[in-house]
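Please read this briefing alongside the sequence and the structure.

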Amino acid sequence: MGTLLAGLLSAMALIAAAAPADRTFAALSGTVQSLMSVVTPLFGILLVRDLRRAPSAARVVPTVLAVGLPAVVIGVVGVLICAATLALTTADVADEPWRHAGTVAVGSVLVQIVAGLVGTGLGLLLRSVVVAFLATIVLPLGLFGLLGAVDALRPAQPWLTPFGSVRNLLSGEMSALRWVQWLCVLLIWGVGLNAAGAALLKRRTRSDR
C-alpha cells in the first residue's frame, strides 16, 4: 500500500511542478515507476526468505516465479496512476502527452518484474533481509555509477544495469537493439542472479546435511 501511495503522491507532485513540455505519460512513468521499483524487490526477498529454513530444490523455481504477480500488480497500478493523473490534470500538457503510451505501459510492467527478480536473487544469496534489500539498491546503482564514470564504459550501462534499461523502457522509444539490451539485463539480473542464489542454497543444504 505504501508503494502505491508513494507512486500516487509522486505523480501528483510531478504533474504540478513539471513544465508543460514534460507533462507526458512517458515522463510521469519514468519517475513514478522508477520510485516504485525501489520497493518491489522487497516482495521477492520476503518470498524466498523461508526457503533457507525448509530448502527444497523443487520449490525454488515456483517461489522465484511467484514474484511476478506482485510485480505485475505494482506495474499495472503505476500505469493507472500515471494515466489518471495525466488525464485529470487541468494544467497545460505537452503537444503529444500520450506518445509511446502503449510501449511505456508494457515497459512499466517489465521494469517491476526485473526488480522483483533482483529481490529474489539477492534474497537467496544473502541471509539478512535488510542487507539483501539494501543490496538491491546499492549494487545496481553502484554499477551504473561506476560504468558512467568512465566514458569508454558508459555505453555498457543499458547492457549491464537495470537502470540503464529502465530509462529506455520508460521512454517508450524502444528499438530492436534496446530490446536486446533489456534481454541481456534480464538474463544477468533476473536469470543469472537467481541461478546463483539457487546453487548457493543447494550447496548450503548439502553442507547442513
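Is the crossing of α2 and α8 right-handed or left-handed? The crossing of α2 and α8 is right-handed; a crossing is left-handed if the near helix is turned anticlockwise from the far one by less than a right angle, and right-handed if clockwise. The model is predicted, and local features need pLDDT of at least 70, side-chain atom pairs count only at pLDDT 80 or more, while totals for chains, interfaces and linings use all residues. Residues are numbered from 1 along each chain as its sequence is written, and side-chain values use heavy atoms, with hydrogens and water left out.

**Overall build**

- The protein has nine helices and zero strands; helices (H or I, at least four residues) and strands (E, at least two) are DSSP runs, numbered from the N terminus.
- Along the sequence, the pattern reads α-α-α-α-α-α-α-α-α.
- Of the 209 residues in the protein, 43% are buried; buried means under 20% relative accessible area, exposed over 50%, and partly exposed in between, with a 1.4 Å probe and protein chains only.
- Among contacts (heavy atoms within 4.5 Å) between residues at least 6 apart in sequence, 73% join residues at least 24 apart.

**Nonpolar cores**

- The largest nonpolar core has 23 residues, of which L51, V60, V64, V118, L124, L169 and W182 touch the most other members. Such a core is a set of buried Ala, Val, Leu, Ile, Met, Phe, Trp, Tyr and Cys residues joined through side-chain atoms within 4.5 Å.
- At least two residues of this core come from each of α3 (57–65), α5 (101–125), α8 (162–171) and α9 (176–208).
- Helix α5 gives the most to this core, with seven residues.
- Another core, of 10 residues, lies apart from the largest one and includes F25, A26, L28 and V79.

**Helix α2 against α8**

- Two packed helices are described by the angle between their axes and the distance between the axes.
- Helices α2 and α8 pack at an angle of about 145°, with their axes 8 Å apart. Axes are lines fitted to C-alpha atoms, for helices over the stretch in contact, and angles run from 0 to 180 degrees between N-to-C directions.
- On the α2 side, A26, S29, G30, Q33 and S34 meet V166, L170 and S171 of α8.
- By class, this contact has three nonpolar, five polar and no charged residues. Ala, Val, Leu, Ile, Met, Phe, Trp, Tyr, Cys and Pro count as nonpolar, Asp, Glu, Lys and Arg as charged, and the others, Gly among them, as polar.
- Q33 lies in helix α2 and is buried, with a relative accessible area of 0%.
- Not counting residues up to four places away in sequence, Q33 touches I74, G75, G78, V79, S108, Q112 and L170.

**Helix α2 against α6**

- Helix α2 (residues 25–48) packs against helix α6 (residues 129–148) at an angle of about 140°, with their axes 9 Å apart.
- The crossing of α2 and α6 is right-handed.
- Residues V38, V39, P41, L42, I45 and L46 of α2 make the contact with V129, A132, F133, T136 and I137 of α6.
- The contact of α2 with α6 has 10 nonpolar, one polar and no charged residues.

**Aromatic pairs**

- The whole structure contains three aromatic pairs. Rings of Phe, Tyr and Trp (its six-membered ring) pair if their centres lie within 6.5 Å; planes under 30 degrees apart count as stacked, over 60 as edge-to-face and the rest as tilted.
- One of the pairs, F144 with F163, is edge-to-face, at 4.9 Å centre to centre and 85° between the planes.
- This pair links distant parts of the chain, with F144 in helix α6 and F163 in helix α8, 19 residues apart.
- F144 is buried, with a relative accessible area of 14%, whereas F163 is partly exposed at 30%.

**Individual residues**

- L143 is in helix α6 and is partly exposed, with a relative accessible area of 29%.
- Leaving aside neighbours within four places in sequence, L143 is in contact with V138, L160, T161 and W189.
- W179 is in helix α9 and counts as partly exposed at 32% relative accessibility.
- Leaving aside neighbours within four places in sequence, W179 is in contact with L110, L169 and M174.
- H100 is found in the loop between α4 (68–88) and α5, and its phi is near 60°, a positive value in a residue other than glycine.
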